[in-house]
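Please look over the sequence and the model before reading on.

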Amino acid sequence: MDKPIPLNQENLSQIAEVVSCPTYDRSKVNAGIVHVGIGGFHRAHQAYYTNELLEKGGHHNWGICGIALLPFDDKIYQVLKNQDGLYTVMIKELDGSLSIKVIGSIVEYLFAPNNPLIVIEKMADPNTRIISLTITEGGYNYDEATGEFIFENPNIQHDLTHPDAPKTIFGYLAQAFKLRKERGTQGCTIQSCDNIQGNGHVTKKMVLSYIKKAEPDLVAWVNSNIAFPNSMVDRITPVTTKDDIELLKDKTGIQDDWPVVCEPFLQWVIEDDFSSGRPAWEEVGAQFVSDVAPYERMKLSLLNAGHSVLGILGALVGYNTIDEVVNDLDIKTFLITFMDKEVTPSLGELKGIDLKSYKASLIERFGNQNIKDQVTRICSESSAKIPKFLLPTVKYQLSNEGEFSYSALVIAAWAIYNKGLNENGDLLEISDAMKDELKQKALMSINNPKLFLELESVFGVLKESSQFVEAYERAYNKIVKYGIKKCVKDINSSLKK
Ligand code: CS2
């Protein structure tokens with residue numbers, strides 16, 4: 001095989017002979033958007049939509065400056081720098097085929113830990129009109145039990161005492177807003193693209209909590225100059241593997257050090273509330289609506305919670321990918337019943353949405369054998385995901401005297417998962433900010449399962465519901481005795497009766 005062609009601006013015309021590449025003049029694109037968190041999801045979603053818009057022409061002020069905020073984001077920063085911001089999206093179609101496209105919407109990139117002042121200046125720049133975020137569910141720094149900002153976080157303490165060299169998004173935004181206010185620069189929009197119900201509201205509440213303490217004189221300015229639209233974001237984006245990089249090289253001859261792999265499905269529902277203009281993303285398929293809440297609820301409680309159900313049960317059984325788990329008929333039936341009996345009643349009326357076909361489409365998307373979404377990816381950071389994805393359903397069902405035994409089984413399975421071994425005795429690869437605490441509680445729970453529910457920052461006051469505790473303990477003991485597969489089979493057949 002010929003030597004692979006490194007992906008960069010200089011080689012773009014040669015690469016365009018093989019795969020679809022940006023046809024717009026990237027040198028004329030200005031970064032009106034500063035995006036924090038340039039991982040796979042952002043690059044498969046917002047940057048993808050933005051690339052499609054730039055292709056249409058006439059939108060050159062809406063390019064993206066990607067910010068790598070954390071020290072370990074150094075790798076993606078280096079890759080983007082070496083590739084002039086270019087990267088490949090490999091869409092893994094349901095039929096096993098691959099659609100490949102080079103994306104050019106990220107036209108600048110900064111590594112914050114080495115250049116905090118440059119990043120603050122960029123966020124304060126009058127040409128920056130949107131600062132968007134994918135900082136993960138845990139990145140919003142609030143206590144699940146109280147909904148309040150966690151000031152004890154050592155990085156937040158650092159930011160309060162080192163305003164010129166912040167480590168967290170909150171420290172950066174406070175300084176950028178301060179400069180904007182001092183200079184009389186107009187406000188901008190902070191657009192969360194993370195999987196949190198009311199992600200705009202949550203962002204606003206957390207940013208204001210921090211600012212009240214760090215820069216109290218800024219509160220009124222933020223309230224009148226900064227918009228925080230809510231949004232629902234969706235595209236399944238597994239972790240890129242070495243095999244994906246090789247596959248791209250084999251199929252196209254392109255050397256891309258960090259391509260993105262994703263499913264074909266793509267959705268973005270955005271509240272139309274921007275303080276200083278916005279790209280016409282609706283021209284490329286995004287939906288602008290006045291109320292995103294029903295879409296968010298539906299997606300978080302069905303897709304994301306559905307993922308967690310598959311991930312946690314699948315990890316214990318010993319599966320590696322989500323398609324393997326959902327193609328296990330017993331687990332598939334369990335998931336479908338969980339969606340129908342526990343989640344659906346909690347969603348209320350969803351005007352204009354065909355829930356039945358939405359749920360069917362999820363089963364199909366989860367079953368995409370081509371994307372090989374990793375069980376480890378889905379289970380990672382479950383301590384931040386479960387309260388947002390699964391617990392709202394449990395709370396609804398408890399207060400409406402409804403069904404919650406499926407959710408209780410999943411939470412019991414998660415308690416067992418945190419002991420660190422699957423049912424075959426293999427070590428589980430657990431990645432979670434609360435990993436040590438989870439393991440400690442999981443081990444303490446062996447003889448007294450309800451101790452696990454004492455993790456208040458995850459479960460809040462759930463331990464006070466005797467009904468839930470009972471269902472959870474029953475499920476826990478049964479899983480330990482008979483294993484996941486039998487428990488799932490039994491619950492499936494008991495509900496048929
Ligand atoms: C997943 C999400 O992280 C998770 O647990 O459920 O990353 C999911 O794949 C995306 O939200 C899909 O839009």
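## The annotated region

Helices (H or I, at least four residues) and strands (E, at least two) are DSSP runs, numbered from the N terminus. An unreviewed UniProt entry annotates residues 291–479 as "domain: Mannitol dehydrogenase C-terminal"; such annotations may be inferred rather than shown by experiment, and their feature names are shortened and their positions given in the numbering used here.

The model is predicted, with local features requiring pLDDT of at least 70 and side-chain atom pairs counting only at pLDDT 80 or more, while totals for chains, interfaces and linings use all residues. Residues are numbered from 1 along each chain as its sequence is written, and side-chain values use heavy atoms, leaving out hydrogens and water.

## Helices H18 and H21

Helix H18 (residues 405–417) packs against helix H21 (residues 466–482) at about 55 degrees, and their axes are 8 Å apart. Axes are lines fitted to C-alpha atoms, for helices over the stretch in contact, and angles run from 0 to 180 degrees between N-to-C directions. That angle makes H18 oblique to H21; under 35 degrees counts as roughly parallel, over 145 as roughly antiparallel, 65 to 115 as roughly perpendicular and the rest as oblique.

Contact means heavy atoms within 4.5 Å. On H18 the contact residues include Ala-408, Leu-409 and Ile-411, and on H21 they include Phe-468, Ala-471 and Tyr-472. The residues of this contact comprise 14 nonpolar, no polar and no charged. Ala, Val, Leu, Ile, Met, Phe, Trp, Tyr, Cys and Pro count as nonpolar, Asp, Glu, Lys and Arg as charged, and the others, Gly among them, as polar.

## Helices H7 and H8

The axes of helix H7 (residues 169–183) and helix H8 (residues 199–214) come within 10 Å and cross at roughly 70 degrees. H7 and H8 are therefore roughly perpendicular. Their contact involves Phe-170, Gly-171, Leu-173, Ala-174 and Phe-177 of H7, together with Met-206, Val-207, Tyr-210 and Ile-211 of H8. Eight of these residues are nonpolar, one is polar and none is charged.

## A three-stranded sheet

Three strands form an open sheet in the order E5-E4-E11, with mixed pairing; two strands pair if DSSP finds at least two bridges between them. Strands E5 (98–103) and E11 (260–262) are at the edges and have a single partner strand each, so one side of each lacks a neighbour in the sheet.

Strand E4 (residues 87–92) runs antiparallel to E5, joined by six bridges. Met-90 has Ile-100 of E5 as its bridge partner. Helix H3 (residues 46–55) lies across E4 and E5, at about 75 degrees to E5.
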